[in-house]
Amino acid sequence: MSIWQYANPVKFLTLSEKVQPILWVVATVCVVTGLLWGFFGTPDDFRQGSTVKIIYLHVPTALMAINAWFMMLVASLIWLIRRHHVSALAAKAAAPVGLVMTLIALVTGAIWGQPMWGTWWAWDPRLTSFLILFIFYLGYIALWEAVEDPDTAADLTSVLCLVGSVFAVLSRYAVQFWNQGLHQGTSIPVATGERTVSDVFWYPLLTSMIGFGLLFLALVLYRTGTEIRLRRAQALRNRMERRL
Amino acid sequence: MIALLRRDLQLSFRAGGGFGLGLAFFLIVTTLVPFSVGPEAALLGVIAPGVLWLGALLACLLSLDRLLALDYEDGTLDLLLTAPLPLEAAVSIKALAHWLTTGLPLVLAAPVLGVLMSLPPTGYLWLVISLALGTPALSVIGTFGAALTVGIKRGGLLLSLLVLPLYVPTLIFGAEAARRGAAGLDTSTPLLMLAGITLGTIALMPFASAAVLRMGLR
């Protein structure tokens, strides 16, 4: 018994289909509670007024936008080292989800930035690196679409993901050097544990963050299942054609 | 290795090799910029380092899809794959040939175009130094992009989408060094970062490119 038994598509599908209903329910409950609680159950901020409430959407999606890339990085490494197809397909399945999360984070950030900073967009390090991350997602997805042979596509995109990660980190620091930004630092530093957000805002935010994490997991499992079935259907079709 | 380098250089210099195309593109981009932003010397002088860097980068990008695609079509790549020469070395040589035929002419032409862009007099030296330091990285990263898209039909646009985000750090530090030089500020920090990126990519990217080529040609 080890984690690697789920490299078998059948075992993976069985487990993921058992887990998925629970995941979907918990994720929905968390997201809906977090957002509703955040939007209606918390007071307005002293200076930011009601615009502060976009944080319950902005922070969790931004968090998942980065974590989705990390997940793709790990999945790509597993594919390159152990060549489990499920892993490659999971990376493929996660990319569009990450892309959408990045887009939501960018758009909600712009909507918040307009009244608060007086601008929709500023070439701030965080904003810029998110835009670059968005382009990386686009390139990754485009490469998956462009290569016909699925194994070659998995290989090439995995290497792109690895190299892209290095350059994404490099860009992050380069951009910081290039322009000192407008974006505030994090209010919830994980390392020091000294958060500057009051409990009133923190608990709905935490709920929303957990909800989006689970939602991401559910979406990726669902999409990976779809990809596995698509691959299976393709294999069957190829066999039929060979017989004819 | 030297034979391969000579072959690549000869191919690009001879008719239809595309040598000079990158230069012409660089010239056109820099000529078009004053048309689009207006001919005021003060404004042009401010944006000159950035525009020249961007032009050089785009000119590099333009010639990338020829880098491996032609060799893929006539089967040279398959020969290189089975040759006793390690593929990593072959890829490095290809990147070197690309730099000699695209990057180096761009570096040499940049000061001339700097005159067109009314670059401040202090900027020329730093522009040339930053381009000379940065363009090798562009060639090496570009080779990786070309290797990724080598088997794909009409991969040119995809190549730009993949390569441009990888160019971001190089562009930032390169243009920053040129800008600081033109403004008469200290340039050592961005130049050191740029040199670091170039050396790092030269050392590591050939392995990624070769790995990707092996996967793509399997």
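Modeller: Happy to; let's begin with Ser118(B), which is partly exposed, with 16 other C-beta atoms within 10 Å.

Colleague: Why is Ser118(B) called partly exposed?

Modeller: A residue is buried if 20 or more other C-beta atoms, placed from the backbone, lie within 10 Å of its own, exposed if 12 or fewer, and partly exposed in between. The 16 of Ser118(B) falls in between, so the label is partly exposed.

A word on the ground rules: this is a predicted model, where local features need pLDDT of at least 70 and side-chain atom pairs count only at pLDDT 80 or more, while totals for chains, interfaces and linings use all residues. Residues are numbered from 1 along each chain as its sequence is written, and chains are lettered from A and ligands numbered from 1 in the order in which they are written.

Colleague: What makes the phi of Ser118(B) worth a remark?

Modeller: Most residues other than glycine have a negative phi. Ser118(B) has a positive one, near 40 degrees, and sits in the loop between α6 and α7 of chain B. Arg83(A) also has a positive phi, near 55 degrees, and lies in the loop between α2 and α3 (85-117) of chain A.

Colleague: How do you know whether Arg83(A) is buried, exposed or partly exposed?

Modeller: By the count again: 13 other C-beta atoms lie within 10 Å of Arg83(A), so it is partly exposed.

Colleague: Why is Gly145(B) called buried?

Modeller: Gly145(B) has 29 other C-beta atoms within 10 Å, so it passes the cut-off for buried. Gly145(B) belongs to helix α7 (residues 123-148) of chain B. Leaving out residues up to four places away in sequence, it touches Leu64(B), Leu159(B), Leu162(B) and Val163(B). For touching, or contact, two C-beta atoms placed from the backbone must lie within 7 Å.

Colleague: What makes something a helix here, and how many are there in chain B?

Modeller: Helices (H or I, at least four residues) and strands (E, at least two) are DSSP runs, numbered from the N terminus. By that rule chain B has 9 helices and 0 strands.

Colleague: How do you know which way the buried residues of α2(B) point?

Modeller: Those buried residues are Gly22(B), Phe25(B), Phe26(B), Thr30(B) and Val33(B). Seen down the helix axis, they fall within an arc of 130 degrees (taken from the directions from the axis to the C-beta atoms), so they line one face of α2(B). On the other side, Ala24(B), Ile28(B), Leu32(B) and Phe35(B) are exposed. The cover over the buried residues includes α3 (41-62) and α6 (87-116) of chain B.

Colleague: How do you know whether chain B agrees with a compact globule?

Modeller: The globule rule is 2.2 Å times the number of residues to the power 0.38, and the radius of gyration is taken over C-alpha atoms. For 218 residues the rule gives a value near 17 Å; chain B has 18 Å, which agrees. Buried residues make up 52% of chain B.

Colleague: Last one: what makes up the side of chain A that touches chain B?

Modeller: In all, 21 residues of chain A are in contact with 20 residues of chain B. On the chain A side, α5(A) gives the most, with 12 residues. That side divides into 17 nonpolar, 3 polar and 1 charged; Ala, Val, Leu, Ile, Met, Phe, Trp, Tyr, Cys and Pro count as nonpolar, Asp, Glu, Lys and Arg as charged, and the others, Gly among them, as polar.
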